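The sequence and the model are shown first.

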Amino acid sequence: RSSLHVRYADEAACVGPAPSARSYLNMDAILEVARRSGAEAIHPGYGFLAENAEFARRCEAAGIAFIGPSSQAIRAMGSKTSARRLATAAGVPVVPGAIEDLSDAEVEARAREIGLPVVIKAAAGGGARSEAQSAFGDSAIYVEKYLVAPRHVEMQILADRHGNTIYLGERECSVQRRHQKVIEEAPSPIVGPALRHRMGEAAVRLARAAGYVNAGTVEFLVDRDRNFYFLEVNTRLQVEHPVTEMVTGLDLVKEQIAIAAGEPLRHRQDDLVIRGAAIECRIYAEDPFQNFVPSPGRIIGLREPGGAGVRIESGVYEGYEVPVHYDPLIAKLITWGQDRLEAAQRMRRALMEYTIHGIKTTIPFHQRVMVDSDFLRGEIDTTFIDRRFAGRPHAWDDSQREVALVAGALHVFLRDQARVMARPGRVGSAESPWKLAARQAALRR
């Protein structure tokens, strides 16, 4: 209730106390607020009920537009086994494995058939059987081949009610901790026009097979040979959607609202051009040096970055109390550049400007990633954090050591020059430290 977006709102309604089961997951309370306010539509965001087929169905029954796909499409895509069957039927490559729910006895037999290593997944999402039953009321599980060190690449799609479906390019989401994305970028460093076309067309085929309408994301795993395999569909707006907006020039939320209002897509596939590169760093209230443990508390100091090519989406402010009840994501920092290197350079500079006091955040972690040699070369996969940072959170690799040495040398130089400028007779000198440095370098030669 004290978040920044609530302060901006013209009207705000309380839907219950802090625990999400009594508020943001309370369908009756949300629909009652919509009824009282006369709302014609509900945008579910990207959490809580955003992918809940029953909530979408209840919105439809109440005559309120759900800004997202239909309840039938959410239900079809919400079950991973159902989605895998649809993908297979649509000719979309899937990771080898089961396309049906399995009993405990069947899991072992199917695992041996597929070949180790395998991963056991809950059909409704989350963990395996007990966690799935607790979180989703559905204990169904299945098994699929475990891909070693794949890349996580997803394709953004838009579909209207008039039969038009387009893809907006891919996002690289391989930098993850505990299977949770922390850095995303568009386009992917390994995806060229031909692979983008094949992945995009596969995503469109799947969307059409499911009768999908509105914005959605088809997620793929990509192996070392650049073969891609369907993973799942996110039937909502993604946290990382800003990087797609930065390279396409589209406002995805605006497109979502227009589609929900029954308008046809305003863009054709041939109209879309990928311009430059964008990177997003998720700023979590977590301590990256303590295995990313949550760090709730009061923000007592805040300075946000700015400048060319910098965008920030934040829900906090100085004096805000980060609660313990929700996801610790507090802001998203996005930069754009004419190419990936410029986007990374701008991100590095923006992160240096970004200060949050009172709680621990992932800003120091992101600063280190932006000077990491593997990241800068685009050599990333889902094992990146464990491979480069796990067990040595304070370690610096060679590239980071060089950056530190250069920064230290520059600091000493500027300090010494400031002392020279402060000497008697030097006050008011028009010569800058840069000119003095050039003269000294010429004398040394």
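What is the relative accessible area of H197, and is H197 buried, partly exposed or exposed? The relative accessible area of H197 is 43%, so this residue is partly exposed; buried means under 20% relative accessible area, exposed over 50%, and partly exposed in between, with a 1.4 Å probe and protein chains only. The model is predicted: local features need pLDDT of at least 70, side-chain atom pairs count only at pLDDT 80 or more, and totals for chains, interfaces and linings use all residues. Residues are numbered from 1 along each chain as its sequence is written, and side-chain values use heavy atoms, with hydrogens and water left out.

H197 belongs to helix α8 (residues 193-209). Helices (H or I, at least four residues) and strands (E, at least two) are DSSP runs, numbered from the N terminus. Between H197 and Y167 there are 9.0 Å in space, C-alpha to C-alpha, and the two are 30 residues apart in sequence.

**Strand pairing**

Six of the seven residues of strand β7 (residues 180-186) are buried. Strand β7 runs antiparallel to β6 (residues 165-177), joined by four bridges, where pairing requires that DSSP finds at least two bridges between the strands. Within this pairing, R177 stands opposite Q180. The hairpin of β6 and β7 has two residues between the strands, and R178 there takes a positive phi near 55 degrees. Four bridges also join β7 to β10 (residues 277-284), again in antiparallel fashion, with I183 opposite C281.

**Rings and charges**

Ten aromatic pairs are found in the whole structure; rings of Phe, Tyr and Trp (its six-membered ring) pair if their centres lie within 6.5 Å, and planes under 30 degrees apart count as stacked, over 60 as edge-to-face and the rest as tilted. One of them is F365 with F389, edge-to-face at 5.4 Å centre to centre and 65 degrees between the planes. This pair links helix α12 (residues 363-369), which holds F365, to the loop between α14 (384-388) and α15 (398-421), which holds F389, across 24 residues. F384 and F389 also pair edge-to-face, at 5.9 Å and 65 degrees. F365 and F389 are both buried, and F384 is buried as well. Ring pairs join F292, F365, F375, F384 and F389 into a cluster.

A charge sits over a ring if NZ of Lys or CZ of Arg is within 6 Å of the ring centre and within 35 degrees of the ring normal. R340 lies over the face of F375, 4.7 Å from the ring centre. The charged end of R177 sits over the ring of Y284, 4.7 Å from its centre.

**Salt bridges**

The whole structure contains 34 salt bridges, each a side-chain nitrogen of Lys or Arg within 4 Å of a carboxyl oxygen of Asp or Glu.

| Salt bridge | N to O distance |
|---|---|
| R58 and D28 | 2.6 Å |
| K121 and E144 | 2.8 Å |
| R151 and E172 | 3.2 Å |

R151 in strand β5 (residues 151-159) and E172 in β6 are 21 residues apart, and both are buried. Salt bridges that share partners also join E154, R171, K181, E184, E219, E240 and R282 into one network.
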